[in-house]
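Colleague: Could you take me through this chain, strand by strand, and explain each term as it comes up?

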Amino acid sequence: MLCYPLVTRAEGAMEHQEGGCLCGQCRYLVTAPPLRVTTCHCRFCQQTTGSGYMIEPIFTHDSFSLIRGTPKTWSQLSEGSGKHLWLHFCSDCGGRLYLTFERFDQIVGVFAGSFDQPDWFDITPENSKHIYLSEARRGTIIPPQIETYARHVTDREGIPRPATIFDQPRRL
Ligand SMILES: [Zn+2]
Ligand SMILES: [Zn+2]
């Protein structure tokens, strides 16, 4: 019986994760594990993170809610899809929180580093892929055994493109 509270605490930790911006004015909550995790190397993700790529766990709107603040929104026309996406960030501290999409209106893509515990979800070959390798920074190391794509996973019509899986770590 002693281990029972430990089990429920571990399950509770996975079901309820919070994150937010640097100053704490904007806070959000997720209540389920990510559907999948996209690591995107496109120029938009480079510019919006100010870094090499974005790690983007994807959630349904049902499992994501804003619990404090009103993030500012920037609308961007995606070159890949020709549709809009919206970047939600704190207008005070500039902390990036999440993306929403005209093309995929049932999902939210969270900036992984904005979680209070950014390591709470796993990134595995089963749940993740690397996309937009065509725009990745030179010298980026891509892990083996994971689906990769030169651009998006599907074309503009939603037709899946073939994946490339490397046997060994690949230096771009
Ligand atoms: Zn803030
Ligand atoms: Zn991207």
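Colleague: Which residue in S8 is the bridge partner of Phe89?

Modeller: This is a predicted model, in which local features need pLDDT of at least 70 and side-chain atom pairs count only at pLDDT 80 or more, while totals for chains, interfaces and linings use all residues. Residues are numbered from 1 along each chain as its sequence is written, and chains are lettered from A and ligands numbered from 1 in the order in which they are written. Strands are DSSP runs (E, at least two residues; helices are H or I, at least four), numbered from the N terminus, and two strands pair if DSSP finds at least two bridges between them. S7 and S8 run antiparallel and are joined by five bridges, and in S8 the partner of Phe89 is Arg96.

Colleague: In the hairpin of S7 and S8, which residue takes a positive phi near 80°?

Modeller: This hairpin has six residues between its strands. The residue that takes the positive phi near 80° is Gly94.

Colleague: How many bridges pair strand S6 with S7, and which residue in S7 is the bridge partner of Leu77?

Modeller: Strand S6 covers residues 72-77 and pairs with S7 in the antiparallel sense. S6 and S7 form a hairpin with six residues between them, and Gly82 in the turn has a positive phi of about 75°. The number of bridges is six, and the partner of Leu77 in S7 is His84.

Colleague: In what order do the three strands of the open sheet lie?

Modeller: Strands of a sheet pair through backbone hydrogen bonds, either parallel or antiparallel. Here S1 and strand S2 (residues 27-30) pair in the antiparallel sense over four bridges, and four bridges also join S2 to S5, again antiparallel. The edge strands, each pairing on one side only, are S1 (17-20) and S5 (64-68), and the order is S1-S2-S5.

Colleague: Which residue of S5 is the bridge partner of Leu29?

Modeller: Leu29 of S2 is also the bridge partner of Glu18, while Gly20 stands opposite Arg27 in S2. In S5, the partner of Leu29 is Ser65.

Colleague: Which residues make up the covered face of S2?

Modeller: S2 has an uncovered face as well, made up of Arg27 and Leu29. The covered face is Tyr28 and Val30.

Colleague: Is Gly139 buried or exposed?

Modeller: Gly139 lies in the loop between strand S10 (128-131) and strand S11 (141-142). Leaving aside its neighbours within four places in sequence, Gly139 is in contact (C-beta atoms, placed from the backbone, within 7 Å) with Arg171 and Leu172. Because Gly139 has 8 other C-beta atoms within 10 Å, this residue is exposed.

Terms used:
Buried ≥ 20, exposed ≤ 12 C-beta atoms within 10 Å, placed from the backbone. Contact = placed C-beta atoms within 7 Å.
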